[in-house]
Amino acid sequence: MYDIAPDYVKIPPFRFVKPYQHIYKTNAKSRWLGMTLIDAMVKEFRAYTKEYYENAINDGKITINGVRVSPEYKIEHGMQIEHATTRVEPPILDLPIDIVY
């Protein structure tokens with residue numbers, strides 16, 4: 001699915017994945033039809049505030065079918081919404097794993 005192997009940084013006893021770009025993709029759901037893009041984002045994806053979504057749409061981080069649109073753009077059937085973001089994953093312990101037989 002992914003072409004690029006993750007880039008790790010080791011700071012004992014932890015291993016970190018360097019922040020990387022990721023694009024979330026979803027197709028328009030029936031319940032979103034006729035809603036504005038900003039309303040659908042705020043209602044369905046509660047990870048961020050309305051202000052974040054407005055800024056992300058205006059900055060082109062959230063697009064429809066790869067095209068930059070306004071927050072008031074109406075969602076229609078067959079549209080794909082993409083959200084480009086930087087992923088930052090939590091560190092994990094970089095210790096040997098004991099195998100128990």
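**View 1. Residue contacts between helices α1 and α2 in the predicted model.** On the α1 side, the contact is made by L37, I38, M41 and V42, which meet K50, Y53, E54 and I57 of α2. By class, the residues of this contact comprise six nonpolar and two charged, with no polar member.

**View 2. Packing geometry of α1 and α2.** Two packed helices are described by the angle between their axes and the distance between the axes. Helix α1 spans residues 37-44 and helix α2 spans residues 50-58; they pack at an angle of about 135°, and their axes lie 10 Å apart. Because of this angle, α1 is oblique to α2. The crossing of the two helices, α1 and α2, is right-handed.

**View 3. The largest nonpolar core and its most connected members.** This core contains 16 residues, of which W32, L37, M41, I62, I64, I75 and I81 touch the most other members. At least two residues each are supplied by α1, α2 and β4 (62-64). Helix α1 provides the largest share, namely four residues.

**View 4. Surroundings of I62.** With neighbours within four places in sequence left aside, I62 is in contact with L37, M41, Y53, A56, I57, I81, E82 and H83. Among these partners, L37 and M41 belong to α1 at its contact with α2, and Y53 and I57 to α2.

**View 5. Setting of N27 in strand β3.** Strand β3 covers residues 20-27 and includes N27. The relative accessibility of N27 is 47%, so this residue counts as partly exposed. Not counting residues up to four places away in sequence, N27 touches W32, M79 and Q80. A distance of 18 Å separates the C-alpha atoms of N27 and A56, which are 29 residues apart along the chain.

Notes
Residues numbered from 1 in each chain as written. Predicted model: local features only at pLDDT ≥ 70, side-chain atom pairs only at ≥ 80, totals over all residues. Heavy atoms only, no water. Axes fitted to C-alpha atoms, helices over the stretch in contact; angles between N-to-C directions. Parallel < 35°, antiparallel > 145°, perpendicular 65-115°, else oblique. Left-handed = near helix turned anticlockwise from the far one by under 90°. Contact = heavy atoms within 4.5 Å. Nonpolar A, V, L, I, M, F, W, Y, C, P; charged D, E, K, R; others polar. Core = buried A, V, L, I, M, F, W, Y, C linked by side-chain atoms within 4.5 Å. Buried < 20%, exposed > 50% of the residue type's maximum accessible area, 1.4 Å probe, protein only.
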